[in-house]
Amino acid sequence: KIIFRLDIARPMRRVCRSISWSLYSILLLQTLKLAFCFAPTPTNQIMNTVQAQNALEFCRSSPTAVVVTVWPTAHSQTAAVRSWLQESCQIIHETELTIESAGGVATCLALYHGEDWVHSNCWYNESPLPSGPPAGPYAGAKWKAELAWRVEAPMTVFVVDSKEAGGRLWRGEER
């Protein structure tokens with residue numbers, strides 16, 4: 001089964017990448033975060049954990065599950081992304097994850113697991129960095145992390161049911 005993620009690093013830019021397990025990683029991380037971190041009330045903690053588990057189950061069982069990631073750099077656009085998604089599909093789950101910039105490369109490696117470009121600078125010219133291209137192993141993941149964590153803000157993740165969206169979420173070549 002292939003799950004799709006809509007990657008919005010720049011305001012309303014739609015780029016989809018085929019992935020197999022990054023959705024699971026994000027939702028599992030959210031579930032663990034809720035299970036082991038302080039919550040204002042036990043009821044809220046249980047509700048959030050149940051919602052994350054339901055979203056995870058939906059992703060396991062539905063061929064129309066889509067993960068939409070709004071990177072920290074685009075956090076100010078989260079409301080616009082939410083509104084845009086609501087026009088096309090049903091939002092099953094929404095969560096914010098606070099991942100410091102030091103965790104950016106590891107997050108990119110997890111989300112883009114299995115994609116060859118994380119090892120190279122093949123997409124670098126799309127958005128050059130002021131400091132130049134990253135060096136060493138995982139240059140593509142370093143590049144993506146540098147772009148995605150330009151500001152200290154949470155990463156927002158939506159799980160949506162794209163059943164009614166048709167082709168409105170992505171173009172065929174971005175699938």
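A: We'll go through charged pairs, aromatic rings, a helix and a strand in turn.

A: Two notes before we start. This is a predicted model, where local features need pLDDT of at least 70 and side-chain atom pairs count only at pLDDT 80 or more, while totals for chains, interfaces and linings use all residues. Residues are numbered from 1 along each chain as its sequence is written, and side-chain values use heavy atoms, with hydrogens and water left out.

Q: How many salt bridges does the structure hold?

A: Side chains of opposite charge can pair when their charged atoms come close. Here, a salt bridge is a side-chain nitrogen of Lys or Arg within 4 Å of a carboxyl oxygen of Asp or Glu. By that rule the structure holds two. One joins Glu57 and Arg60, with the closest N and O atoms 3.4 Å apart. These residues sit three apart in helix H2 (residues 42–61), so about one helical turn separates them. Helices (H or I, at least four residues) and strands (E, at least two) are DSSP runs, numbered from the N terminus.

Q: And which residue forms a salt bridge with Arg82?

A: That's Glu94, and the closest N and O atoms are 2.6 Å apart. Arg82 lies in helix H3 (residues 78–88) and Glu94 in strand E4 (residues 90–97), so the pair ties together parts that are 12 residues apart in sequence. Both ends are partly exposed: Arg82 has a relative accessible area of 25%, and Glu94 has 32%. For the cut-offs, buried means under 20% relative accessible area, exposed over 50%, and partly exposed in between (1.4 Å probe, protein chains only).

Q: What should I look at in a pair of aromatic rings?

A: A pair of aromatic rings is described by the distance of the centres and the angle of the planes. Rings of Phe, Tyr and Trp (its six-membered ring) pair if their centres lie within 6.5 Å; planes under 30 degrees apart count as stacked, over 60 as edge-to-face and the rest as tilted. That gives four aromatic pairs here. Take Tyr112 and Trp117: their ring centres are 4.8 Å apart and their planes at 70°, so this pair is edge-to-face. Tyr112 is buried at 1% relative accessibility, and Trp117 is buried at 9%. Trp117 also makes an edge-to-face pair with Trp143, at 6.2 Å centre to centre and 90° between the planes. Ring pairs link Trp71, Tyr112, Trp117, Trp143 and Trp149 into a cluster.

Q: Which residues of H4 are buried?

A: They are Gly104, Thr107, Cys108 and Leu111.

Q: Which way do the side chains of a strand point?

A: In a regular strand the side chains alternate between the two faces of the sheet. In E3, Ala65, Val67 and Thr69 point one way and Val66, Val68 and Val70 the other, and all are buried. Since six of the six residues of E3 (residues 65–70) are buried, this strand is largely enclosed by the rest of the structure.

Q: In what sense do E3 and E5 pair?

A: Two strands pair if DSSP finds at least two bridges between them. E3 and strand E5 (residues 155–161) pair in the antiparallel sense over six bridges. To see this in the model, find Thr69, which stands opposite Val157 in E5.
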